[in-house]
Amino acid sequence: MIKYKLQCKNLHLFESWFSNSDAYERLNKGKLLSCEICGSNSISKSLMSPSVNSKENKPLKEVLKPNPNKEQIILKELKKEIEKNYEYVGENFEKEARAIHFGDSPERSIYGKTTLKEAKSLYEDGIPVTPLPWTDRKTN
Ligand SMILES: [Zn+2]
């Protein structure tokens with residue numbers, strides 16, 4: 001067994017055990033390694049020289065460690081804002097967006113479910129659509 005210090009493209013540092021250096025190469029080429037913090041598959045061996053003194057390594061690791069929940073918190077805030085200010089129209093998103101655009105429905109901000117095809121069709125009609133960065137699991 002061999003322990004490597006690994007680093008993802010976002011500069012997160014973590015350690016992982018491999019049966020040998022070939023195993024590391026094989027897993028990394030197959031994109032089977034992912035960052036413990038952000039899940040990125042762009043992993044390389046850390047350029048930091050491995051140290052046997054774990055006491056020395058610890059503070060550095062803590063300093064470099066970003067808040068893993070930061071993005072989730074931002075997303076949660078964004079979602080809260082949208083749920084507060086936008087009307088949820090569920091599956092009727094395309095119909096409703098079109099109705100608002102053509103003045104058949106009162107002007108307001110809405111969010112809901114739509115397919116890529118519907119979103120594209122709205123976009124082609126000049127109706128602004130913003131994809132939201134989460135999957136809405138709400139069931140009416
Ligand atoms: Zn990472």
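Student: Which residue is the bridge partner of L6 in strand 3?
Tutor: K45 is the bridge partner of L6 there. This is a predicted model, where local features need pLDDT of at least 70, side-chain atom pairs count only at pLDDT 80 or more, and totals for chains, interfaces and linings use all residues. Residues are numbered from 1 along each chain as its sequence is written.

Student: How many bridges are there between strand 1 and strand 3?
Tutor: Three, in the antiparallel sense. Two strands pair if DSSP finds at least two bridges between them. Strands (E, at least two residues) and helices (H or I, at least four) are DSSP runs, numbered from the N terminus.

Student: And how many join strand 1 to strand 2?
Tutor: Six, and those two strands run antiparallel. In strand 2, S16 stands opposite Y4.

Student: What does L11 do in the hairpin of strand 1 and strand 2?
Tutor: L11 takes a positive phi near 70 degrees, and the hairpin has four residues between the strands. Most residues other than glycine have a negative phi.

Student: Is L11 buried or exposed?
Tutor: Exposed, with 12 other C-beta atoms within 10 Å. The cut-offs are 20 or more for buried, 12 or fewer for exposed and partly exposed in between, with C-beta atoms placed from the backbone.

Student: New topic: which residues make up the largest nonpolar core?
Tutor: L6, C8, L33, C35 and I43. Such a core is a set of buried Ala, Val, Leu, Ile, Met, Phe, Trp, Tyr and Cys residues joined through C-beta atoms within 7 Å.
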